[in-house]
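Here is a short briefing on a predicted model.

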Amino acid sequence: MFYSVVLLSIFGILNLFLGFLKSRAWLLPVTLLFLATALVVTLTDWNKSLFFWNYMMSTDNVSVAFATIIIVSAMLILPLSRFYFPNAAAPVPEYYAILLFSVVGAILMVTYENIIMLFLGLETLSIAMYILAGSDKRNPRSHEAALKYFLMGAFATGILLFGVAMLYGATGTFNLSGLAQYVRTTLVNGASPMLYLGLTLVLIGILFKLSVAPFHFWTPDVYDGTPTLFTAFMATVVKTAGFAALYKILSVSFTGIYSVWWITLAATSVLTLLIGNITAVYQQSFKRMLAYSSISHAGYLLIAVTAMGQTSQSSILFYSLAYTLATITSFAVLILVNENRAGESFSAFNGLARHNPFLAFALTVAMCSLAGIPLTGGFFGKFYIFINALEKGLLFLLVVAVLMSAVGIYYYFRVVIAMYMRGSDDNAVADRIIVPKSYAAVLAITTFLTILLGVAPDLLVRYF
Amino acid sequence: MQQYLPSDYLPIIVQLVLALGFVATTMLATNYIIPKIFRNRVHGKVKDDTWECGIEPQGDARTPISIKYFLTAILFVLFDVEIIFLYPWAVNFRSLGWLGFAEMIVFMTLLMAGFFYVIRKGVLNWD
């Protein structure tokens, strides 16, 4: 993991210089090659338990798996940029470089062993995202997204740092194992209130980045205004890395005071599920619906964190993967529909099935997966998380989650109904969308993997 | 771990009180006491004007300014910060040894890569 961080940083800088070449044809393949190299290097750490940089980072199978998800989703999102920037002057090499740097941040967030490293990773990822959110320079909505994300994100970072300072004040260490040791001894001696305050502030900082209610207000506007390509990145990579980080700090350091924080997480989880799902019902824009859907999925993932059992880790992993694949499919189809039919509302999808059966099928599979219909990855993702909640006896969480999944089916299927049952209104809309090869490849891979995870989840789960 | 008592932080409070006291005193003095002494000679069209080196102010402050000034300023900050890292290294050159030298080479390589990028991008071309 050490080498993949170093390599990706160097590759990012190289990417900047690739921009000086006359031809841009090599840019995308080379960037994909960079990510593939990083992926291979990451996978060599499988079944090794290592510490790097004086216990700043640690590697185990779970962090390797999370890093793999992150790199693979970056590799699936990058090909979508093929025809995304019609303007020849668009600084595409810079975008790719920033994406590579943000992957570095995400990897730091899943492998940290020291809270300073968590902060560095979170900032590397967030600052990259602030820039990408505002990358559509001619569009005021993109400015709005970047400004909102930056202001709120900077505040959340401040709160996180304040929490880290409190934790340091209470325990005298930044190390996760050091914190764990302090927590264990304080169960006998009585803990300093600073510890609880610090933990709460750190949780607020991380939960903000995960767009968990009540810290979710930025999400719809930012997701809506950000160029769709980068929204896809935001909704998948940031969320996966954030949940890996949240689970790691809670499971390694704070299991000793589970009774203190579980109720907070359970309450935010219920709130997130209610707000995310019920507000999503009222959306007219597919993109905003996906933003609320990402809030609601944060709620489901939070249940697994709250349950904190033997298998929580593997269910978070499985759920993140299933959610990532389905979300990439939805955003890829959204990009195509938006560019060819000029609209992000549900009605833009009317009659898509007749002209583009493949796109409609891929999007239907993705929606089924997000809604948790059997034979898709999302079903088993929810299944494992619900089992976690059941094992821990969190029945009320389970009831809310099941009810809200039922609500989810309603709004996810609106787009499916629009595609299959509504005819297109005017002739301009009826034109067939020509799917570029890169999009077709990405959609084929994500759809295949989604179904594979739904048919044979054991392929992944048996490793953890 | 060394233990600190709340009383150890007393100098900070004293400093805070002094700073706030200075602000409060000067504001009170300029707004209430001095006008009482000098009567009508304090306010006026010219006296309330912005004072900038004696040149008469013109127009609004929110006028568009070329992005080049901003970029140059940012780059200046970048190289200024670089100096902050170089000075301590130069002072401790012997004790840091070859490891320190290698680390500084890495740092300078990254910095120069950025510098090269900036030049190739034409940020420093003024025309």
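Chain A holds 19 helices and 2 strands. Its radius of gyration is 21 Å, close to the 23 Å that the globule rule gives for 464 residues, so chain A is as compact as a globular protein of that length.

**Overall build of chain A**
- Along the principal axes, the C-alpha atoms of chain A fill a box of roughly 75 × 55 × 40 Å.
- Buried residues make up 55% of the 464 in chain A.
- Take the contacts in chain A with a separation of 6 or more: 81% of them join residues 24 or more positions apart.

**Helix H10 of chain A**
- H10(A) covers residues 228-253, which is 26 residues.
- At 1.5 Å a residue, H10(A) should span 38 Å. Its end C-alpha atoms are 37 Å apart, which agrees.
- H10(A) is mostly covered, with 24 of its 26 residues buried.

**Helix H13 of chain A**
- H13(A) runs over residues 312-341 and has 30 residues.
- From first C-alpha to last, H13(A) reaches 42 Å, close to the 44 Å expected at 1.5 Å a residue.
- Of the 30 residues of H13(A), 26 are buried, so the helix is mostly covered.
- Ala342(A) follows H13(A). The phi of Ala342(A) is positive, near 55°.

**Contact between chains A and B**
- Chain B gives 4 residues to the contact, and chain A gives 5 residues.
- On the side of chain B that touches chain A, 3 residues are nonpolar, 1 is charged and none is polar.

Conventions
Residues numbered from 1 in each chain as written. Chains lettered and ligands numbered in written order. Predicted model: local features only at pLDDT ≥ 70, side-chain atom pairs only at ≥ 80, totals over all residues. Contact = placed C-beta atoms within 7 Å. Nonpolar A, V, L, I, M, F, W, Y, C, P; charged D, E, K, R; others polar. Helix = DSSP H or I, 4+ residues; strand = E, 2+ residues; numbered from the N terminus. Expected span 1.5 Å × (residues − 1). Buried ≥ 20, exposed ≤ 12 C-beta atoms within 10 Å, placed from the backbone. Rg over C-alpha atoms; globule rule 2.2 N^0.38 Å.
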